[in-house]
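Here are some exercises to work through with the model open beside you. Try each task before you read its solution.

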Amino acid sequence: VAAAASNEMTKVTSNAWDDLGGIEFGPSFRWMSRTSAGEEGTIWSELEAPKAWRQRAMLRVPVEVMDSLFQTSLLLTTGRLERGRFMAPFAMAKVVVTGERFESLKRVMVKTRREDEMGGGTNTMVVSVWGGQEGGSSALRVKVERLTLVEASREAFLASAARSQKEELGY
């Protein structure tokens with residue numbers, strides 16, 4: 001993953017964030033800084049911590065980095081979904097983390113590859129994502145194998161999340 005994409009990378013603008021898969025991302029989750037299309041079904045991305053972001057938890061891989069790995073898959077759905085719908089993470093075959101903790105001043109290079117073709121009336125997509133920081137053998141590396149995304153309406157997804165939160169709180 002450390003190898004740069006062969007095509008020149010394009011800056012991710014505020015407009016691109018607003019159009020990304022029908023989901024609103026707050027400032028601390030806007031890590032994708034540049035992207036480039038690779039071979040068919042592949043996207044290269046560069047992740048950088050937003051200027052105001054501070055690592056508060058002692059997690060080896062911050063939640064925002066994992067979320068950003070999932071977000072890169074949304075770049076593969078651009079123009080394929082009806083308005084008001086998006087792809088939500090549903091399942092993963094395996095997650096492998098190697099190296100040391102995340103270092104906030106180092107960028108993360110990401111390769112996202114579609115594992116199956118979205119089309120023919122299907123509402124799922126399977127991707128694999130590889131992310132790594134610069135820095136040799138101790139650098140953080142994350143591999144998400146066979147991440148399954150499911151097409152959903154925003155309203156149904158938010159209603160389901162609200163029900164889950166109430167159940168956790170004992171309502």
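On a 1 Å grid over the protein atoms alone, a cavity is a set of points where a 1.4 Å probe fits but cannot get out, and lining residues have an atom within 4 Å of a point. Grid points are joined across faces, edges and corners, and a volume is the space filled by probe spheres set on the points. Please keep in mind that this model is predicted: local features need pLDDT of at least 70, side-chain atom pairs count only at pLDDT 80 or more, and totals for chains, interfaces and linings use all residues. Residues are numbered from 1 along each chain as its sequence is written, and side-chain values use heavy atoms, leaving out hydrogens and water.

**Exercise 1. Describe the largest cavity and its lining.**

Step 1: Searching the whole structure gives 1 cavity of 30 Å³ or more, and the largest cavity has a volume of about 30 Å³.

Step 2: Its lining consists of Val65, Leu69, Val108, Gly131, Gly132, Gln133, Leu140 and Val142.

Step 3: Assign elements, where helices (H or I, at least four residues) and strands (E, at least two) are DSSP runs numbered from the N terminus. Strand β7 gives the largest share of the lining, 3 residues.

**Exercise 2. Explain why strand β7 is largely enclosed.**

Step 1: Call a residue buried under 20% relative accessible area (1.4 Å probe, protein chains only).

Step 2: Because 8 of the 10 residues of β7 (residues 124–133) are buried, the rest of the structure largely encloses this strand.

Step 3: Look at its partners, counting strands as paired if DSSP finds at least two bridges between them. β7 is antiparallel to β6 (residues 108–114) over 7 bridges, with Val108 opposite Gln133. It also runs antiparallel to β8 (residues 141–153), joined by 8 bridges, and here Met125 faces Leu149.

**Exercise 3. Which residues does Val127 touch, beyond those up to four places away in sequence?**

Step 1: Take contact as heavy atoms within 4.5 Å.

Step 2: The neighbours are Ser73, Leu76, Thr112, Arg113, Arg114, Glu115, Val144, Glu145, Arg146, Leu147 and Leu149.

Methods. Buried < 20%, exposed > 50% of the residue type's maximum accessible area, 1.4 Å probe, protein only. 1 Å grid on protein atoms, 1.4 Å probe; cavity = no way out; pocket = protein on both sides within 12 Å on 5 of 7 lines; lining within 4 Å.
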